[in-house]
Amino acid sequence: MKTVLSGIQPSGKIHLGNYLGATKQHIEMQKEHNCIYFIADLHALTTIRNAEAMKKNTIEIAMAYIALGLDTNKTIFFKQSEVSEHSELCWIFDCITPMPFIERAHAWKDAKAKGKKDPTVGLFNYPILQAADILLYKPDLVPVGQDQKQHIEMTRDIAQNFNNTFGETFKLPDPYIKDEVATVPGTDGQKMSKSYGNTIDIFESESVIKKQVMSIVTSSIPVEDPKDPKSCNVFKLYKLLATPEETKEMEDKYISGGYGYGDAKKELLNKILEHFKQAREKYSELESKENLVMEILNSGSTKAKVIAKEHLKEIKSKIGYL
Ligand code: ADP
Ligand code: TRP
């Protein structure tokens with residue numbers, strides 16, 4: 001049994017890319033491992049500057065995880081901002097991490113390359129806080145999407161640097177990235193992402209999901225003609241949810257012709273609604289039980305704090321604070 005840890009940005013209702021790239025693995029890993037998951041609301045302050053939005057996004061992501069099957073009796077699930085040890089350890093890492101090391105972070109480089117106005121110290125420091133989040137709990141595995149790989153590499157380097165400076169303290173965690181869902185395509189074929197407006201939102205109303213699925217970009221090959229499934233976004237998404245037999249069936253229909261993109265979209269829509277039926281029902285139930293969701297997060301914080309406190313004590317004694 002391993003210790004598994006991951007942080008989830010409170011970005012509101014999750015989309016299919018978030019689910020397949022991250023949440024699904026988080027939920028599955030509960031069966032075999034000790035899991036610790038938190039809502040990364042400290043990181044979110046680099047982008048969200050509105051109390052209402054912070055609260056709403058946090059509660060929505062918590063409801064999504066619980067609705068999708070998070071076992072909150074077994075798994076520790078909490079809000080990052082409730083466990084102050086994350087920020088404390090971040091400062092410690094700040095003081096031993098050279099600036100040029102962090103300057104190579106993708107998110108920071110992107111912000112600069114795009115000429116982002118007044119990028120904040122928090123954005124610059126983002127990978128260090130992430131390293132603190134992770135190392136505080138000594139996990140073996142960190143399940144994330146492909147785009148987070150660099151942050152895990154940086155975390156390992158920061159751990160190694162601390163170990164070299166103050167003696168063996170941290171074990172180096174491994175990223176856990178599922179290859180076949182490394183990048184889920186959005187409705188326009190680019191990576192599915194809120195920032196591209198190309199998402200399929202699994203907890204939105206049926207009519208919104210339908211609109212999103214119908215907007216998937218396809219080629220203009222006529223219905224009668226054979227089509228290449230592998231280059232089609234509808235098929236790519238269907239494959240991620242369907243069984244191998246169902247996938248083969250759709251593949252054959254593409255290849256033999258007489259099967260239009262509209263038909264494939266309908267099948268994909270039905271598959272999405274069927275796949276998330278139970279979770280969507282549970283989600284609407286939770287919408288009227290906000291207090292229960294908050295209680296779950298609070299009890300998670302209490303459990304997380306016990307572990308975080310103990311590890312931070314060990315770290316502080318290595319530095320000479322205790
Ligand atoms: P977004 O790009 O929509 O803002 P986030 O950056 O908040 O999504 O991602 C949250 C989690 O979901 C991360 O672990 C990320 O790697 C994963 N993820 C997001 N989009 C995708 C995608 N299109 N394919 C695979 N995983 C994804
Ligand atoms: N940066 C991650 C994301 O955008 C969220 C995150 C914060 C995280 N702290 C973490 C992920 C620690 C894994 C481990 O998705």
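How far does a polar side-chain atom of Gln-130 lie from a nitrogen atom of ligand 2? The distance is 2.8 Å in this model. The model is predicted: local features need pLDDT of at least 70, side-chain atom pairs count only at pLDDT 80 or more, and totals for chains, interfaces and linings use all residues. Side-chain values use heavy atoms, without hydrogens and water.

Ligand 2 is surrounded by 13 residues, each with a heavy atom within 4 Å of the ligand. Among the closest are Gly-7 and Asp-133. Polar contacts are pairs of N or O atoms within 3.5 Å. Tyr-126 places a side-chain N or O atom 2.7 Å from a nitrogen atom of ligand 2. For Gln-148, the corresponding distance to a nitrogen atom is 3.0 Å. Taken alone, ligand 2 exposes 360 Å², and the protein buries 89% of that (Shrake-Rupley method, 1.4 Å probe). Strand E1 (3–8) and helix H7 (121–135) each give two or more residues to the shell. The largest share, 4 residues, comes from H7. Helices are DSSP runs (H or I) of at least four residues, and strands (E) of at least two.

Ligand 1 has 16 surrounding residues, with Asp-147, Val-184 and Lys-194 among the closest. His-15 brings a polar side-chain atom to 2.7 Å from an oxygen atom of ligand 1. Ser-193 also has a polar side-chain atom 2.7 Å from an oxygen atom of this ligand. For Asn-18, the distance to an oxygen atom is 3.2 Å. Alone, ligand 1 exposes 540 Å², of which the protein buries 84%.

How values were computed:
Residues are numbered from 1 along each chain as its sequence is written. Chains are lettered from A and ligands numbered from 1 in the order in which they are written. A polar contact is a pair of N or O atoms within 3.5 Å; within protein, one must be able to donate a hydrogen and the other to accept it, and residues adjacent in sequence count only if both atoms are side-chain atoms.
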